[in-house]
Amino acid sequence: MKYKYLGYFSFKLNFSFFDEQKMSELGMEMFLGVSKGSEVPGRMVFLEYFPVKAKHTVALVGKGITFDTGGISLKPANSMEKMKYDMAGAATMFGAITACT
């Protein structure tokens, strides 16, 4: 699915995502396995920014997993407070793409 987003920012980001059906078609079984631990269906999100005068292409990738994906049973008890960092990769990439615009 493709969307255009202007919202709060003064630049245009293209937003799209793969739903679980699309990920299954693409054979993304590892991602879908993690997604099964959540009541909320998994999504792979894409943010794209295309500057008009760009001379090079850069790709940034960050992983973000929410708290309820089953990871609680995989982490030792003394690491539970660190589960909030599971979304840090995605948040960092969002910050980076907005800083680049």
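From the N terminus on, the secondary structure elements of this protein follow the order β-β-α-α-β-α. In total there are three helices and three strands, where helices (H or I, at least four residues) and strands (E, at least two) are DSSP runs numbered from the N terminus.

The model is a predicted one, in which local features need pLDDT of at least 70 and side-chain atom pairs count only at pLDDT 80 or more, while totals for chains, interfaces and linings use all residues. Residues are numbered from 1 along each chain as its sequence is written, and side-chain values use heavy atoms, with hydrogens and water left out.

Of the 101 residues of the protein, 19% count as buried; buried means under 20% relative accessible area, exposed means over 50%, and partly exposed lies in between (1.4 Å probe, protein chains only). The protein exposes about 7,900 Å², of which carbon and sulfur atoms supply 63%. Such areas come from the Shrake-Rupley method with a 1.4 Å probe, and for residues only the protein chains shown count as cover. Among the contacts with a separation of 6 or more, 55% come from residues 24 or more positions apart, a contact being heavy atoms within 4.5 Å.

**Aromatic pairs**

Rings of Phe, Tyr and Trp (its six-membered ring) pair if their centres lie within 6.5 Å; planes under 30 degrees apart count as stacked, over 60 as edge-to-face and the rest as tilted.

| Pair | Centre to centre | Between the planes | Type |
|---|---|---|---|
| Phe 15 and Phe 17 | 6.1 Å | 40° | tilted |
| Phe 18 and Phe 46 | 4.8 Å | 65° | edge-to-face |

The pair of Phe 18 and Phe 46 links distant parts of the chain: Phe 18 belongs to strand 2 (residues 13-18) and Phe 46 to strand 3, 28 residues apart. Phe 18 counts as partly exposed because its relative accessible area is 23%, and Phe 46 is also partly exposed, at 29%. In the other pair, Phe 17 is buried, with a relative accessible area of 14%, whereas Phe 15 is partly exposed at 27%.

**Two loop residues**

Pro 41 is located in the loop between helix 2 (29-35) and strand 3 (44-48). Its relative accessible area is 43%, so Pro 41 counts as partly exposed. Leaving aside neighbours within four places in sequence, Pro 41 is in contact with Glu 20 and Ser 35. The C-alpha atoms of Pro 41 and Glu 20 are 6.8 Å apart in space, and the two residues are 21 apart in sequence.

Leu 60 occupies the loop between strand 3 and helix 3 (88-99) and is partly exposed, with a relative accessible area of 47%. Not counting residues up to four places away in sequence, Leu 60 touches Met 93 and Ala 96. Leu 60 and Leu 47 are 13 residues apart in sequence, with 9.7 Å from C-alpha to C-alpha.
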